[in-house]
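Have the sequence and the model at hand.

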Amino acid sequence: MSLLDPCDNIILITDSYKITHWKQYPPKTTRLYSYFESRGGRFDDTVFFGLQYILKRYLCGRVITDEKIAEAKEFCRKHFQRESLFNEDGWRHIVRKHDGRLPLRIRAVAEGTVIPTQNVLFTVENTDPAVPWITNWFETLLLQCWYPITVATLSRAQKVIIAQYMKETADSLDRVTIQLHDFGYRGVSSVEQAAIGGAAHLVNFIGTDTLAGIQLISKYYGEDMAGFSVPATEHSTMTAWAASENPDALFDGELRACEYMLKEFPDGIISVVSDSYDIYECCEKIWGQKLKDMVIERGRHASGNVLVIRPDSGEPIEVLPRILDILYEAFKADCTVNSKQYKVLPHYLRIIQGDGISIDSLRTILERIKQTGFSVENFVFGSGGSLLMRVHRDTNRCAFKCSYAEIDGKPVNVYKDPKTDPKKSSKKGLLCLEYNEETKKFITHEEQQNSDKRVQCRDLLHTVYENGVLLKEYTFQEIRDNAKVTVDGHRI
């Protein structure tokens with residue numbers, strides 16, 4: 001096994017202690033059934049996303065071989081410093097009887113579905129009574145679904161906030177899906193995290209600079225191009241024009257840089273960072289005076305030609321109102337007031353705030369913009385580490401628990417109910433998920449193996465994977481449609 005790629009051997013994508021669990025279940029156990037849920041945390045709902053990626057990336061097809069078994073056996077011998085802890089016979093059985101395909105059945109709710117916490121999202125069970133331990137062997141991998149679920153949930157919660165303020169201050173909600181842009185690639189721990197988190201954000205928005213997320217969606221969800229971006233400057237491309245020890249030359253250098261960007265990108269949207277030295281001076285004297293005619297001419301040439309000014313420092317609730325006033329005064333002739341009596345910059349001029357944007361700051365910033373009398377449609381926001389990194393498994397308390405077993409031919413409820421933390425109690429028995437049309441609520445029904453507790457309902461859990469084969473595949477557009485936000489009867 002290459003130390004550079006720990007994903008080569010699926011047998012070893014688990015926690016150490018699970019390697020010994022096959023020895024710990026009661027004798028004559030033939031079936032284990034577990035489920036995944038969000039037990040409730042920061043958010044009341046969850047956007048279910050990411051299971052399809054995990055299944056296609058790791059679990060589909062012939063994933064167990066004799067070579068991988070031998071490799072894992074030797075690894076475990078060294079790791080535990082003893083023999084006989086690794087279940088070689090069990091894995092050999094999977095190769096012989098199932099040709100290396102995992103005898104598991106996974107049932108899940110449709111990806112993109114928005115479901116209140118404390119409801120089952122997917123279940124896992126063995127399909128071969130000879131290897132019941134395999135159900136929870138893959139808890140480690142499957143539980144990592146918490147990350148795309150949590151990022152998609154966080155992203156959607158910010159979409160709800162933006163949509164609310166757009167409803168209050170704008171004439172149209174058409175821009176909402178571009179108003180939170182993913183800047184998080186450089187701020188995560190790995191390329192795979194960028195891919196998974198970036199894809200999760202794109203469930204709700206279409207703006208991103210995280211190319212890995214687009215590529216993951218293309219490969220595992222079949223959408224050729226799920227995210228879009230625009231030419232944009234960074235400080236190195238701006239300050240290189242003002243490389244001088246003479247402070248008086250800085251303004252001239254920044255002016256030349258801004259002018260060059262307008263000439264080099266005459267069409268479409270371009271974003272220009274404008275705070276390299278003095279954001280207010282740049283907005284007032286460069287954009288609002290020296291290059292004003294160029295900005296106007298570029299904008300009037302085509303409706304899609306937009307200059308997006310990017311501040312990248314300072315306190316947004318202080319900086320943004322002042323910038324708005326400067327730009328409104330400079331371009332007043334082309335500014336408008338919408339039907340809700342909020343001021344709107346010319347169609348060719350917008351602002352992107354990409355510094356300090358999180359779900360905690362977003363509402364405060366939007367409220368401040370509203371208070372100034374400007375429409376939120378003047379803005380796009382960019383979020384990086386706060387979008388893809390400021391989450392963890394307990395953000396929404398995701399858990400994978402066993403709820404049912406068959407031991408010596410008898411059904412057994414399996415659950416925990418810790419006296420010291422009732423919030424960690426788990427569900428019992430076989431589960432199904434129902435949406436009640438009358439109450440308009442989701443409900444998880446427990447103990448469905450018992451005739452006296454079984455309900456007749458349309459179970460929202462569908463078999464998506466069985467015995468190494470993906471049985472149900474969702475397109476990314478289906479996922480986006482499932483996750484849409486409803487505002488005044490409009491789904492966005």
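What volume does the largest cavity have? The largest cavity has a volume of about 50 Å³.

## Basis

This is a predicted model: local features need pLDDT of at least 70, side-chain atom pairs count only at pLDDT 80 or more, and totals for chains, interfaces and linings use all residues. Residues are numbered from 1 along each chain as its sequence is written, and side-chain values use heavy atoms, with hydrogens and water left out.

## Overall layout

The protein chain has 16 helices and 20 strands. Both are DSSP runs numbered from the N terminus, with helices (H or I) of at least four residues and strands (E) of at least two. Taken along the principal axes, the C-alpha atoms fill a box of roughly 85 × 55 × 40 Å.

Of the 492 residues, 53% are buried. Buried means under 20% relative accessible area, exposed over 50%, and partly exposed in between (1.4 Å probe, protein chains only). Among contacts (heavy atoms within 4.5 Å) between residues at least 6 apart in sequence, 75% join residues at least 24 apart.

## Cavities

The structure holds two cavities of 30 Å³ or more. On a 1 Å grid over the protein atoms alone, a cavity is a set of points where a 1.4 Å probe fits but cannot get out; lining residues have an atom within 4 Å of a point. Points are joined across faces, edges and corners, and the volume is the space filled by probe spheres set on them.

The lining of the largest cavity includes Phe48, Leu51, Gln52, Leu55, Val464 and Tyr474. Helix H1 (residues 51–59) gives the largest share, three residues. By class, this lining has eight nonpolar, one polar and two charged residues. Here Ala, Val, Leu, Ile, Met, Phe, Trp, Tyr, Cys and Pro count as nonpolar, Asp, Glu, Lys and Arg as charged, and the others, Gly among them, as polar.

The second largest cavity has a volume of about 40 Å³. Lys18, His21, Trp22, Tyr25, Trp133, Asn136 and Trp137 line it. Four of these are nonpolar, two polar and one charged.

The largest nonpolar core has 145 residues, of which Trp91, Phe122 and Leu142 touch the most other members. H6 gives the most to this core, with twelve residues. Such a core is a set of buried Ala, Val, Leu, Ile, Met, Phe, Trp, Tyr and Cys residues joined through side-chain atoms within 4.5 Å.

Helix H6 (residues 146–169) is mostly covered, with 20 of its 24 residues buried.

H1 is largely enclosed by the rest of the structure, because seven of its nine residues are buried. Among them are Leu51, Gln52, Leu55 and Leu59. Just after H1, Gly61 takes a positive phi of about 90°.

## Backbone and surface

Most residues other than glycine have a negative phi. Asp99 has a positive phi, near 55°. Asp99 sits in the loop between helix H3 (88–98) and strand E3 (104–108), and is partly exposed at 38%. Asn467 also has a positive phi, of about 55°. Asn467 lies between strands E17 (462–466) and E18 (469–470), and is partly exposed at 29%.

Lys263 belongs to helix H10 (residues 248–264). Lys263 is exposed, at 54% relative accessibility.

Notes. On a 1 Å grid over the protein atoms alone, a cavity is a set of points where a 1.4 Å probe fits but cannot get out, and a pocket is an open set with protein on both sides within 12 Å along at least five of seven lines; lining residues have an atom within 4 Å of a point.
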